[in-house]
Amino acid sequence: MRISPKPVQSFRDDFTYTNSREAISRFPFPFVEDEYRYSVNIEPHAMSGPDGSVFEKFLDIDEHYLSEMAERAIVLKENPARCLSMKHMDLACWDMIERVMSALSADYPEHFSLTKQGDNWHWHNKLLDIQEDFVFGDSSTLPMSPLEYIGRQVQGDFAILDQRNADLFMDAGIVTCPADWSLAFDAGMSFSEWHGPVPMAREEGIFERALKYLTAIQVGRPVRRLNWTLTINARMDTSPETYPSWGNERTSVTPENVAEKVHLRVEVQVLDRMPRSNALMFSIRTYLISLEDLVTNPQWAKRMHRAMKTLPAPLVEYKGLTRFHPMVVEYLSQFDPVN
Amino acid sequence: MSTDQIKVRVAAVAQVAPMIREFTLTAVTGSLYPFSPGSHVVVEMPGEQKIYRNAYSLLSDSHDASAYRIAVRLQDNSRGGSVFMHQQVKEGDELLISPPANLFIPQWNAQKHILLAAGVGITPFMSYLPEMQRRQADFELHYLFRSKQTGAYQLELAEQLGQRFFSYDSDQAQRCNISELLADRPLGTHIYICGPEGLIKDVQSVAEQLGWPDSVIHFEEFAAPKPGKPFTVELKSTGKTVQVGESESLLEALEEAEVAVPNLCRGGVCGQCATPVAEGEIEHRDNYLSVDEKARQDCVMPCVSRAHSDRLVLDI
Ligand code: HEM
Ligand code: FES
């Protein structure tokens, strides 16, 4: 990590969240063409990625670490069902502990360390001041479930998919910052079931092809893809469960505040095969940037204008942008010389 | 050597049946990946004429990844890998293997598991058994072999599994009746088969008669890369030619020759690498092009697809 974690900022109420100049420069801008369409946009998550980029390490820890961990604690306190795991997923959750602890301690040794003597492990998270001695694989030696334990110490939501009969099932996860979907609702569903609400993609065969690729992912060969939406205010937790507290914010956008209120929300999704359980770990690492900050990069501003202007109506609707989409296009048009 | 191959040392070789040898493999540096029951690795064998790549199931307890064990049956009339493993490979040798992959994992939600092994097909079940015992799963192992050739581990299995173990030695005229094996099983029974295609077919047809759904019948599959024969590609615009070896993809060969082709997934699903073809017969292996598009023979996905013909002319 090039940037040390900043003191805690908020993703609710007074929204004190900000991006440093460096965080802006490494923002994972998702639009690779002037027109955005759904596609099977999956690629190898090869290590090490470009220096300083969000793809440099397997898991990106950045300046928002402390803020995101504090936000996760609030959400879990309000609603413990944001972390769920079916009984048969225990081993997969331990796989995740191993993967996350090994990666964090190797990639950020100044912040995390892991020492092992056989199955006796010692974990030190210096950022959160957590030290733990536990027995690998023995859930009774941790203060909470393995999934919640590790989930509270790593940025991003996680779903753990069980693979059976050439399909994937959402049988475990810790999800506190979803882009309007619910783990409790999707729990136990298959790949095509939980993607049910998505428009256009099924007819184009996108999910069928993606699933074939995902079920063939091998140990040691993680892949990634990006997804995006727009969020009003720097709100991490846009879940159906809390809709009453954020849904109406969509009506608060005006031409005067659009640049400050509307945030591009990008998810870097990494898929990695878990060796002991054969489950797939799906991490959803969310990055937020206000339009105001985004337009400091003229290329991004221009491209974003074109992508927004040509966004198919079913996507505008599905992503929940209908109320303020015209204001976004109008605001961005000033950065596009074609206009 | 592909980037994620693992270099292993042969720590021990043992004859476990007249035609079957067992190899214990340890990491040369670092440690081996943990693995799940039913996993296999692809072992690369540098033969004199060509490199062989064979998939072998891991025999060890999945809780112990300090070493991997595999067992190799000397195949009749084989020119390939099994002869190499039996005749060339000795203790102390080094080999390259892939990380473990698994297309034959136990269905832990099954009420009952019937494991049906024939000959060297016992291997994937060797990693099932310790985990099934730990989970106190309800299972039976039915093991078909010819003691003059195969039958590895039968004594230790009989001892460990007691009532759960059934052996059929055809060299002693013992036969397994598949209809009886499947009759009167409770709902939620799953069957796993590792053996010759004939055996799999027999089980499938009996199961169909009994009305078992396909989803409870599992047979071993390997994720070994389908071998491809070498061929030549030519670029129509410049006349440049590039050789594609059997163990590299067309995309990799083009990249090696500094011909840039846009790509993303490198697995035949995203469509980015689509490349027009002017001449030659394409062997399509992707999941991107439709049946009609494939039939037209004018576009190839070089990340996975190859040529049936010796020469392929790309229209780039
Ligand atoms: C196995 C890992 C995956 C999980 C757990 C997952 C989960 C989800 C969920 C929960 C949603 C929200 C659906 C809703 O509205 O309720 C979603 C949306 C979507 N997913 Fe996936 N997904 C996975 C992999 C993929 C892959 C590989 C693709 C590749 C094409 C994909 C494409 C999409 C698309 C296009 C959307 C709509 C997003 C939007 O427009 O905002 N997903 N996914
Ligand atoms: S790179 Fe995706 S189909 Fe070839």
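What share of the contacts in chain B with a separation of 6 or more comes from residues 24 or more positions apart? The figure for chain B is 66%, where a contact means heavy atoms within 4.5 Å.

The legends below describe a predicted model, in which local features need pLDDT of at least 70, side-chain atom pairs count only at pLDDT 80 or more, and totals for chains, interfaces and linings use all residues. Residues are numbered from 1 along each chain as its sequence is written, chains are lettered from A and ligands numbered from 1 in the order in which they are written, and side-chain values use heavy atoms, with hydrogens and water left out.

**View 1. Chain B and its division into domains.** Chain B is divided into domain 1 (6-102), domain 2 (112-220) and domain 3 (231-314), with bounds that come from an automatic or database domain assignment. The C-alpha centres of domain 2 and domain 3 of chain B lie 42 Å apart, and the C-alpha atoms of chain B fill a box of roughly 70 × 50 × 35 Å, taken along the principal axes. Of the 316 residues of chain B, 50% count as buried, that is, under 20% relative accessible area with a 1.4 Å probe and protein chains only.

**View 2. The open six-stranded sheet of chain B.** Six strands of chain B form an open sheet in the order 4-3-6-1-2-5, with antiparallel pairing; strands are DSSP runs (E, at least two residues) numbered from the N terminus, and two of them pair if DSSP finds at least two bridges between them. Strand 4 (51-57) and strand 5 (68-73) of chain B stand at the edges, each with a single partner strand, so one side of each is left without a neighbour in the sheet. Strand 3 (residues 40-46) of chain B pairs with strand 4 of chain B in the antiparallel sense over seven bridges, and B:Val43 has B:Asn54, in strand 4, as its bridge partner.

View 3. A:His195 is found in the loop between helix 6 (191-194) and helix 7 (206-215) of chain A, helices being DSSP runs of H or I with at least four residues.

**View 4. The surroundings of A:Thr215.** A:Thr215 is found in helix 7 of chain A and is buried, with a relative accessible area of 14%. Not counting residues up to four places away in sequence, A:Thr215 touches A:Gln163, A:Ala166, A:Asp167, A:Leu168 and A:Arg273.
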